[in-house]
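I am opening my notebook for a look around a protein model. Come along and keep the structure in view while I write.

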Amino acid sequence: MQAQTQKIVVLSFTLNNFFLTTPIYYVNAQPHLGHAYSTIVADSVTRFHKMLGEDTFFLTGTDEHGDKIVQAAGKQGRAPQDFVDEVSASFQAVWLALGIANDHFVRTTDAAHKRTVQMFLQRVHNAGDIYFGEFGGHYCYGCERFYTEKELENSLCPQHNISPEFVSEKNYFFRMSKYLPWLKSYIEEHENFIRPRRYRAEVLAMLESGTLEDLCISRPKTRLEWGIELPFDDNYVCYVWFDALINYISAIGWPDGPNYARYWPGEHLVAKDILKPHAVFWPAMLRAAGLPVYNHLNIHGYWLVRDTKMSKSLGNVIDPVDMGRRFGLSAFRYFLLREMRFGEDASFSEDMLITRINADLANDLGNLFSRVLSMTAKYFESRVPAPFDLLQEDETMAELCLNSMQNFVQLFGNTQFDAALESLWETVRGLNKYVDSQAPWALYKQGNTERLATVMYVSLTSMRKVALCLWPVMPEASRQMLVQLGGDVAENTPTPPVTDLKLESSAFGGLVHGTAVAGASNLFPRIEVKKEAPANAKKQKN
Ligand code: ME8
């Protein structure tokens with residue numbers, strides 16, 4: 001008997017760490033589609049990084065201090081703490097309903113967060129970057145900030161279109177202006193620090209305009225009590241933005257928690273309304289505290305309803321849970337990522353949602369699964385057949401599949417979600433055409449089992465690749481597709497079906513011959529729109 005020699009291969013590699021955050025949302029109203037978009041994108045991006053084999057951490061949460069919250073609680077005759085507990089819980093319930101797999105949910109009323117903010121303030125104060133001074137300015141309660149004369153538009157707050165109140169008082173200031181020259185060169189030297197590019201340009205213009213001053217970071221308790229007390233003066237609480245931004249490190253245990261060492265610096269994802277605090281205040285704060293700045297700030301545009309920004313103050317909000325319930329969560333998540341070009345504004349309407357679902361999901365993807373699986377049932381008793389020699393048309397199909405998958409990976413990693421999905425649909429549509437042109441039903445009639453097996457194998461293998469790519473965007477539908485293709489994927493899990501998506505996109509294969517697949521599929525039923533008969537329909541007929 002020949003002696004068996006065993007080769008032990010030691011693989012040494014370092015796992016990339018990936019930390020992503022959403023804004024922490026104000027709890028003065030219930031979550032709407034705008035909040036859901038940021039959180040779904042962050043969920044999808046984190047899942048995508050898991051599929052690249054990275055060690056990920058995804059953070060979201062709620063921003064619970066400040067005037068706005070006190071006013072909202074007051075309107076309901078409630079104590080602030082009682083009110084924020086309820087609204088924060090409803091944000092968490094919505095994220096659960098939308099399939100969000102965050103690793104932590106931070107609240108600015110958490111004891112750990114409050115301690116961290118005080119530690120941070122003390123550190124910056126010790127370094128000499130916080131001073132006491134008198135200040136008079138135009139204060140907008142909606143924005144929770146002072147505006148300079150130059151920033152107002154026709155003497156009104158540019159965000160809320162209301163006249164700010166002139167407030168003069170003694171406060172603490174953060175020497176932000178000291179860090180602005182450094183920030184400007186940092187942004188110039190790091191092209192992708194703020195992206196997409198148009199927002200980088202906007203921030204550079206802001207820094208060049210000379211309108212940025214030191215930041216007022218306190219509110220006297222005589223005016224506002226609902227906040228974190230300054231560690232060096234108990235007559236004051238911390239300005240809500242200075243408090244809120246620190247969530248990004250308090251939640252991972254700065255200064256000495258293991259998650260801080262493991263995940264910082266990370267990436268942020270926010271909409272353009274809060275560009276300035278994230279692109280200017282936060283890097284300056286980090287620099288003053290001697291911490292590394294974040295890797296990337298990713299900025300998206302607004303969801304509009306009839307050309308107007310969707311917002312709670314305007315009362316034109318869409319309920320994301322209702323959308324998921326009525327149209328299917330996977331379809332809704334797909335629509336959000338496919339419809340908005342990241343960085344630009346996009347419009348939302350139910351008509352657009354239905355059109356997109358019917359075209360891309362029911363007609364293209366759903367139909368592909370339904371026809372290929374029912375043919376596999378009929379011709380091969382629902383078993384993946386082994387292929388024979390690939391002809392040119394099979395090679396072309398396999399190449400299209402791998403190319404579109406590689407483009408998907410590259411584009412998705414670059415926050416171009418619409419283009420990434422469009423690229424994947426080249427395979428979906430290409431497959432439908434491939435099935436049409438190869439006509440398995442004709443091959444079956446001719447008794448050409450070899451060609452029939454090859455065509456079905458190429459189709460099923462490509463479909464699995466598409467289903468894998470879709471996991472970050474629509475985890476539940478992707479799971480169903482993979483299960484229909486004989487895979488074993490658990491429900492509602494943050495564990496990805498594969499952790500080598502790049503490898504998957506470099507070689508055609510992955511489906512084992514003989515695997516049992518589903519006999520039928522009805523993933524995305526077409527949504528029929530009932531057209532209302534025009535009021536004068538009868539008249540016209542007669
Ligand atoms: O600003 N379209 O909280 P916020 C797209 N607490 N995204 C939208 C949107 C729309 N129409 N409306 C809201 C705050 N969003 C602070 C953040 S972070 C340290 C503190 C999303 O409740 C988008 O992500 O006003 C935007 O940046 C965020 O909600 C603002 O949420």
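Here are my entries, going from the whole chain to single residues.

**Ground rules**

I am looking at a predicted model, where local features need pLDDT of at least 70, side-chain atom pairs count only at pLDDT 80 or more, and totals for chains, interfaces and linings use all residues. I number residues from 1 along each chain as its sequence is written, and the side-chain values use heavy atoms, with hydrogens and water left out.

**Entry 1: the whole chain**

I started with the secondary structure and found 20 helices and 16 strands in the protein chain. These are DSSP runs, numbered from the N terminus: helices are H or I with at least four residues, and strands are E with at least two. Along its principal axes, the C-alpha trace spans about 95 × 90 × 45 Å.

Next I looked up burial. Of the 542 residues in the chain, 55% are buried. Buried means under 20% relative accessible area, exposed means over 50%, and partly exposed is in between, with a 1.4 Å probe and protein chains only. The accessible surface comes to about 24,500 Å², and carbon and sulfur atoms hold 49% of that. Such areas come from the Shrake-Rupley method with a 1.4 Å probe, and for residues only the protein chains shown count as cover.

I also checked contacts, meaning heavy atoms within 4.5 Å. Among contacts between residues at least 6 apart in sequence, 78% join residues at least 24 apart.

**Entry 2: two sheets**

I reminded myself that strands of a sheet pair through backbone hydrogen bonds, either parallel or antiparallel. Here two strands pair if DSSP finds at least two bridges between them.

In what order do the four strands of the antiparallel open sheet run? I read it as β5-β4-β6-β8. The edge strands are β5 (145-147) and β8 (215-216), each pairing on one side only. Strand β4 (residues 130-140) pairs with β5 in the antiparallel sense over three bridges, and Tyr 139 has Phe 146 in β5 as its bridge partner.

Then I found an open sheet of three strands, ordered β15-β14-β16, with mixed pairing. Its edge strands are β15 (308-309) and β16 (346-347), and each pairs on one side only.

**Entry 3: salt bridges**

Side chains of opposite charge can pair when their charged atoms come close. I count a salt bridge when a side-chain nitrogen of Lys or Arg is within 4 Å of a carboxyl oxygen of Asp or Glu. The structure holds 31 of them.

I looked up Asp 43 and Arg 333, whose closest N and O atoms are 2.7 Å apart. Asp 43 is in helix α1 (residues 33-51) and Arg 333 in helix α12 (residues 329-339), so this pair links distant parts of the chain, 290 residues apart. Both residues are buried.

My next pair was Glu 504 and Arg 464, with a salt bridge at 2.7 Å, N to O. Glu 504 lies in helix α19 (residues 501-504) and Arg 464 in helix α17 (residues 449-469), so the pair ties together parts 40 residues apart in sequence. Again, both Glu 504 and Arg 464 are buried.

Asp 322 and Arg 326 also form a salt bridge, at 3.2 Å from N to O. They are separated by about one helical turn because they sit four residues apart in helix α11 (residues 320-327). Asp 322 is partly exposed at 24%, and Arg 326 is partly exposed at 44%.

I noted one network of salt bridges too, linking Arg 338, Asp 364, Glu 422 and Arg 429.

**Entry 4: backbone details**

I found a cis peptide bond between Arg 195 and Pro 196, with omega about 0 degrees. Pro 196 is in the loop between β7 (194-195) and α6 (197-208). Another cis peptide bond joins Trp 254 and Pro 255, with omega about 10 degrees.

Is Ser 155 buried or exposed? I found it exposed, with a relative accessible area of 51%. Ser 155 is not a glycine, yet has a positive phi of about 65 degrees. Thr 415, also not a glycine, has a positive phi of about 60 degrees, but Thr 415 is buried at 14%.
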